[in-house]
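Please read the following note alongside the model.

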Amino acid sequence: MVSPSSSAGATAPGTLSLQQAFAEAAQRYRVPEEVLLGVSYLESRWDTHAGLPSVTAGYGPMHLTDARTALADFPQQGDGGNDARGDDQRPLTSTAGTVSTASAVKDVTKLPATLTTLERAAGLTGLSGEQLRKNPAANVEGGAALLLATQKALGEPLSSDPADWYGAVARYSGADDAKTAAVFADNVFQVVRDGEARTTDSGQPVALSAHPGLVPGTAQVRAQVRALGLKDIDNSGTECPRQLACEWLPAPYEEFGAGDYGNHDLADRPNDEKIDYIVIHDTEGSWDTTLKLVQDPTYLAWHYTIRSADGHVDQHVQTKDVGWHAGNWYVNAKSIGIEHEGFLAEPGTWYTESMYRSSARLVAYLAQKYRIPLDRQHILGHDTVPGPTTSYIPGMHTDPGPYWAWAHYFQLMRAPLRATAGPQGGLVTIRPDYEKNQPVYTGCVKAGDTCPARGSEAVRLYTEPSEDAPLVKDIGLHPNTDSTTGVNDTGARASTGQQFAVAERQGGWTAIWYLGQKAWFHDPVQQPTAVNARGWVITPKEGLADIPVYGRAYPEAAAYPVGVPVQVVSPLPYKLLAGQRYVLGQRTLGEYYRSVTFDPAQHVVVRGQQEYYEIQFGHRVAYVKADDVSVLPSTRG
């Protein structure tokens, strides 16, 4: 605990601005202010999140972890029930995933120290757990106390030189391996070199001035990291950029009886099939439970998992192989799946900057490697993957949900979501101010209960330009009921980065074409929720009253060789009507990856001549046959 003399003359935590809180805590605990600001930015971007926990039980700007409280306040839920393989010719029979992933963390007496740092901060500062969770200034003080205690334990000087604190910063990550801890510290010092300034979610302006000359020496860094006594990781065989801490933890490819096998398929992409998509997931479970599941040969597998607390990456499946993750076999065969740790609330309340930065680097690397465009037609959320057939639609997953910060994510990938046209461009890109955009959601903890107010990347869609009007209807998701404000209900929602054709504008409202209907969202001039764009759109060919849309782009019957059953190209329950326009994502020829045996030599890629266009049809993408539509520039009247 800090002695009374050390805090003499200090301002009470509750009366400080956040910028002042950093300055006072830095002075009181003799931690360089830029180090304290840099660590906090990597953990939370200085946001307070109204005292709510992150997906790994972290509270406040310094991400002090208190899993016992977080688990009690935010029990975990699921978000969908479909088989992630998404192949109606070969349904998954395993029940491994039906066990609640929350079961692995029920015994709160055995939580690791990394999930209880708030308790240690309370002991060091004399502040209560409630203060450290709810009061941002107290939380900053707790983080400073942890850094000071670590610096002393490492035998490093209480120096004003930030470089002397490299080891303490690396330890703050909570990582158990040297590479992850070093990457976290490197990110912190990059933020300090570059400088940052933003207004937080509580309306507090915070700034960190740039220190471009601050580069800790290589020998100094190695010595400080070595002193942490952390393990080395095996990165052999991984496909990751150099700046990431990436570990190989393979998913098993095993046969386990009756011709069944798991938990992915061997392939030779992109030689046999082009990789068109990267799918962003939320694990909705603890890190340890998620890794156990991906190592179960009777369950499912995806390519990468990213830890929230420190941005550590595990790779499980080579990108040339096909994971079972997206709930749509066509998308699985042409995508890479990346899971992001979600731990407590459903959906996760917030993610760390460390996770966002690791994920953005990985996605940018993979996109460059496989020439995947960095846009929302190719970087899909699991919640935007279409149901392959009508029966799949109600059970499709909804992660990463409306709290994933897509605009910030694309900014980190150096592909910012900006206006590309004036009002006559014909398209809009959904782009609300994340912090100010706080639509009401229900069902985060219990069905019907209102979720805590917080920033969101999604806008709500209405049948008329009024928030009193009914929400638009998704007849596939809700064949007999109306859309709701449920956090997992995507029926009347447009997501940041998605592009739609403008159908009409009226006052402070914009209408877009969405699921075969006009959908209105509030788009006031003083606080716009979209930016203008131009591009290519599709519309039904002249003379056609409507055309079908599909959840997968399978070949025509004539393309299938003898011995390979023809896959039915069944339309979804929607209609795309004459005069409507939808944004073109990509052109593709029909393909089907036939893999129903353990021996990959018997796998077949069926390629057809039928051309499809991927479109942004509703919240999820869809496909139309090129024969049914005309392609036009969005600026044509």
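**Notes on the predicted model**

1. L515 is located in the loop between β19 (509-514) and β20 (517-522); helices (H or I, at least four residues) and strands (E, at least two) are DSSP runs, numbered from the N terminus. The phi of L515 is positive, near 55°, although the residue is not a glycine. With a relative accessibility of 11%, L515 counts as buried, where buried means under 20% relative accessible area, exposed over 50% and partly exposed in between (1.4 Å probe, protein chains only).

2. On the basis of the note: this is a predicted model, in which local features need pLDDT of at least 70, side-chain atom pairs count only at pLDDT 80 or more, and totals for chains, interfaces and linings use all residues. Residues are numbered from 1 along each chain as its sequence is written, and side-chain values use heavy atoms, with hydrogens and water left out.

3. The mean pLDDT of the protein is 90, and 92% of its residues reach 70 or more; pLDDT is the predictor's confidence in each residue, from 0 to 100. Over residues 1-9, however, the pLDDT is below 50, and this stretch has eight contacts in the model beyond near neighbours in sequence, a contact being heavy atoms within 4.5 Å. Residues 343-348 also stay under 50, and for them the model has 36 contacts beyond four places in sequence. Where pLDDT is low, the predicted coordinates should not be read in detail.

4. A positive phi also occurs at A57, about 70°, and this residue is not a glycine. A57 lies in the loop between α2 (33-44) and β1 (58-59). Its relative accessibility is 0%, so A57 counts as buried.

5. Helix α2 itself has 12 residues and reaches 16 Å from its first C-alpha to its last, close to the 16 Å expected at 1.5 Å a residue; the expected span is 1.5 Å times one less than the number of residues. The helix is mostly covered, with 11 of its 12 residues buried. Among the buried residues are E34, V35, L36, L37 and Y41. Just after α2, R45 adopts a positive phi of about 55°.

6. Helix α12 (residues 353-370) has 18 residues, and its reach of 26 Å from first C-alpha to last is close to the 26 Å expected at 1.5 Å a residue. Because 13 of the 18 residues of α12 are buried, the helix is largely enclosed by the rest of the structure. Just after α12, R371 has a positive phi of about 55°.

7. How do helices α4 and α6 pack? Helix α4 (residues 117-125) and helix α6 (residues 136-153) pack at an angle of about 85°, with their axes 9 Å apart. Axes are lines fitted to C-alpha atoms, for helices over the stretch in contact, and angles run from 0 to 180 degrees between N-to-C directions. The two helices are therefore roughly perpendicular to each other, a term for angles of 65 to 115 degrees, whereas under 35 counts as roughly parallel, over 145 as roughly antiparallel and the rest as oblique. T117, R120, A121, L124 and T125 in α4 meet E141, G142, A145, L146, A149 and T150 in α6. By class, this contact has five nonpolar, four polar and two charged residues; Ala, Val, Leu, Ile, Met, Phe, Trp, Tyr, Cys and Pro count as nonpolar, Asp, Glu, Lys and Arg as charged, and the others, Gly among them, as polar.

8. The bond from R269 to P270 is cis, with omega near 0°, and P270 lies in the loop between β8 (264-265) and β9 (277-282). D399 and P400 are likewise joined by a cis peptide bond, with omega about 5°; P400 is in the loop between β14 (379-381) and α13 (406-412).

9. T283 is found in the loop between β9 and α10 (287-294). This residue is buried, with a relative accessible area of 16%. Leaving aside neighbours within four places in sequence, T283 is in contact with T290, T305, E339, H340, E341 and G342.

10. A626 is found in the loop between β27 (621-625) and β28 (629-633) and, at 11% relative accessibility, counts as buried. The C-alpha atoms of A626 and Y612 are separated by 5.1 Å, the two residues being 14 apart along the chain. Apart from neighbours within four places in sequence, the contacts of A626 are K541, Q610, E611, Y612 and Y613.
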